[in-house]
Amino acid sequence: MLSEKTIQVIKSTVPVLEIHGTAITKRFYQMMFTAHPELLNIFNHANQHQGRQQTALANAVYAAAVNIEKLESILPVVKQIAHKHRSLGVKPEHYPIVGENLLAAIKDVLGDAATDEIIQAWAEAYGVIADAFIGVEADMYAQAEQQTGGWSGDRAFRVARKVQESDVITSFYLVPEDGGAVASFEPGQYISVKLEIPEEANTHIRQYSLSDSPDKPYYRISVKREDVYQDKPAGKVSNYLHNEIKQGDTLMLSVPAGTFTLDQQDARPVVLISGGVGLTPMVSMLETLAHTNPDRKVTFIHAAQNGNVHALKQQVTDLASRSPQVNVKWCYERPTDADRELGQFDKEGYIDLPWLQQIIATTDASFYFCGPVKFMSTVNRLLKELGVSDSDIHYEFFGPAGSLEQA
Ligand code: HEM
């Protein structure tokens, strides 16, 4: 337990640290990777370059510090982060390294303003926060290993099939090389893929949502090839998967993880909304619902630029044609001439309020959505304008979690 005095010091310094939060975490990563270059095998370098991870870590540490007297109130957030940590292989021995470098970075950025008393208080607080994470993660590691078909660490999977789903999205069907069972998962969860890319100094780890239902003897991921876009470089991992990984090759995976999951007990209608490659967890949810809960009404809305980049269309169309409770709507931003000839889309342009009012029968439903941040921010706003209650809104960020209100 932290003393009253320590809590007071933490509370009085949170605002100062918030102001310098990004500078501190930026300095923290520089220091930590210089002292422990092996950690570059765990962290996503693309997120580092874009500064996204810096903000995520800063936000989490300050949120925890603000709630230091009632850490249990932020348990859902801790769990979400812990899922990611477990999936990446973060271990208890990593926490002191992060703590030591975080405190050194606070000292470095704040200079004389960071008195011994302040540093001591933050060291104690970090210890409490770290212990909370370590405890939650220990349970998750044990669960991952004990579940049927489960394992700990990495397991080798063979690419049984590689299927091009659109101009930019390719699916990989993955089966365990040891011939054993695969652990079940909740639709909406992801796996981490660990890759050694020739001539790259460090291992790369990426998370991909599982895009099929959990009742299969394989895992399927559907990966978007990230091309150069404005000032964003091409995605190293997605391009390697698309261009170099072939049928028969091996990929190392960790057990499925994640808290963006479908509530299968809820009997009310469900609305699944996706933009671009954000459709992968939605297809998993749709497939699962169609098998396990054929009476539950589903509206599946997908927005894509046009038919050329619209993945898994056939699978969803086939499923809807045999499932009268499933209603599918496509929205194309800029349909091609071929799309127009085929007439296989329901709306041109962007998802907007009048269209949602037309196609969503009731707001007494669960809403799940996933896609690019701007898309999710718009959908979030539209659902609120429709009158959907906050507790019925569920969404997933690709990459470090953030806040849609700030997007
Ligand atoms: C991701 C917080 C300790 C490695 C994250 C995220 C947060 C976070 C908020 C983003 C989660 C998301 O995207 O859903 C924290 C806090 C820690 C802590 C508050 C200490 C109390 C650690 C430690 C390690 C670690 C000890 C291991 C060295 C990572 C990695 C990611 C991550 C590799 C994924 C981010 C990426 O690759 O870009 N953490 N973390 N974290 N964390 Fe931690």
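Residues are numbered from 1 along each chain as its sequence is written, and side-chain values use heavy atoms, with hydrogens and water left out. Because the model is predicted, local features need pLDDT of at least 70 and side-chain atom pairs count only at pLDDT 80 or more, whereas totals for chains, interfaces and linings use all residues.

H85 sits in helix α5, residues 75–88; helices (H or I, at least four residues) and strands (E, at least two) are DSSP runs, numbered from the N terminus.

The largest nonpolar core has 46 residues, and M32 and W122 touch the most other members. Such a core is a set of buried Ala, Val, Leu, Ile, Met, Phe, Trp, Tyr and Cys residues joined through side-chain atoms within 4.5 Å, where buried means under 20% relative accessible area, exposed over 50% and partly exposed in between (1.4 Å probe, protein chains only). At least two residues of this core come from each of α1 (4–19), α2 (21–35), α4, α5, α6 and α7, and α7 gives the most, with 11 residues. A second, separate core of 29 residues includes F260, A290, V316 and Y368. Residues up to four places away in sequence aside, M32 touches L39, F43, I97, V98 and N101, contact meaning heavy atoms within 4.5 Å.

On a 1 Å grid over the protein atoms alone, a cavity is a set of points where a 1.4 Å probe fits but cannot get out, a pocket is an open set with protein on both sides within 12 Å along at least five of seven lines, and lining residues have an atom within 4 Å of a point. Grid points are joined across faces, edges and corners, and a volume is the space filled by probe spheres set on the points.

One cavity of 30 Å³ or more is found in the whole structure, and the largest cavity contains about 50 Å³ of space. Its lining consists of I24, V61, Y62, L102, L103, I106, W122 and Y126, with α6 supplying the largest share, three residues. The second largest pocket has about 370 Å³ of space and is lined by 15 residues, of which H83, Q143, Q147, Q189 and P256 lie nearest its centre. Helices α5 and α7 each supply at least two residues of this pocket's lining.

Finally, some single residues deserve a look. V175, in strand β2 (residues 169–176), counts as buried because its relative accessibility is 18%. Its contacts, leaving aside neighbours within four places in sequence, are A156, F157, R158, A160, P217 and Y218. E199, in the loop between β3 (190–195) and β4 (204–209), has a positive phi of about 70° although it is not a glycine, and E199 is exposed, with a relative accessible area of 83%. L312, in the loop between β8 (298–304) and α10 (313–322), also has a positive phi, near 60°, but L312 counts as buried, at 4% relative accessibility.
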